[in-house]
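The sequence and structure come first.

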Amino acid sequence: ALTTRGFSELARFGRAFGARPETLVGLSGLGDLILTCSTPQSRNFALGQALGRGEAAPQGKLAEGAFTAPVLVELAAAEGVEMPVSNAVADILRGAVTIDDAVEGLLTRPFRAEG
């Protein structure tokens, strides 16, 4: 569910900034998202997994998402693009919410068309 919602955000954000649809559904869009969400070889995945276990960030692995999440939500807000998953990630990274609370908030959002 979170990966699907994440892709909806990726598509909304991309459209707002003029991305080509074929890029979003290709290897550098959906492909990268799937890999990031599913393999410990991804630095962002490794960071999320460590945080979920209550551990410190892995040493020697730069997870670009830790630095880009706050910028992403700022850019999205400036364009009026709704980004609940990205906002949750940024909130977790800055310590504003716990992972459990962020996931609960995302999974209890009202159902509606995403696009």
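Helices here are DSSP runs of at least four residues, numbered from the N terminus. A pocket is an open set of grid points with protein on both sides within 12 Å along at least five of seven lines, and its lining residues have an atom within 4 Å of a point. The model is predicted.

The chain has 7 helices and 0 strands, in the order α-α-α-α-α-α-α. Its radius of gyration is 14 Å, close to the 13 Å that the globule rule gives for 115 residues, so the chain is as compact as a globular protein of that length. Along the principal axes, the C-alpha atoms fill a box of roughly 35 × 30 × 25 Å.

The largest pocket holds about 1400 Å³ of space. Its lining consists of 42 residues, and Leu33, Thr36, Cys37, Asn44 and Val89 lie nearest the centre. Helix 4 gives the largest share of this lining, 8 residues. The elements that give two or more residues to the lining include helix 1 (2-16), helix 3 (27-38) and helix 4 (43-52). By class, the lining residues divide as follows.

| Class | Residues in the lining |
|---|---|
| Nonpolar | 23 residues |
| Polar | 15 residues |

The axes of helix 4 and helix 5 come within 8 Å and cross at roughly 85°. Angles of 65 to 115 degrees count as roughly perpendicular, and helix 4 and helix 5 are therefore roughly perpendicular to each other.

Technical notes: Residues numbered from 1 in each chain as written. Predicted model: local features only at pLDDT ≥ 70, side-chain atom pairs only at ≥ 80, totals over all residues. Heavy atoms only, no water. 1 Å grid on protein atoms, 1.4 Å probe; cavity = no way out; pocket = protein on both sides within 12 Å on 5 of 7 lines; lining within 4 Å. Points joined across faces, edges and corners; volume = space filled by probe spheres on them. Nonpolar A, V, L, I, M, F, W, Y, C, P; charged D, E, K, R; others polar. Axes fitted to C-alpha atoms, helices over the stretch in contact; angles between N-to-C directions. Parallel < 35°, antiparallel > 145°, perpendicular 65-115°, else oblique. Rg over C-alpha atoms; globule rule 2.2 N^0.38 Å.
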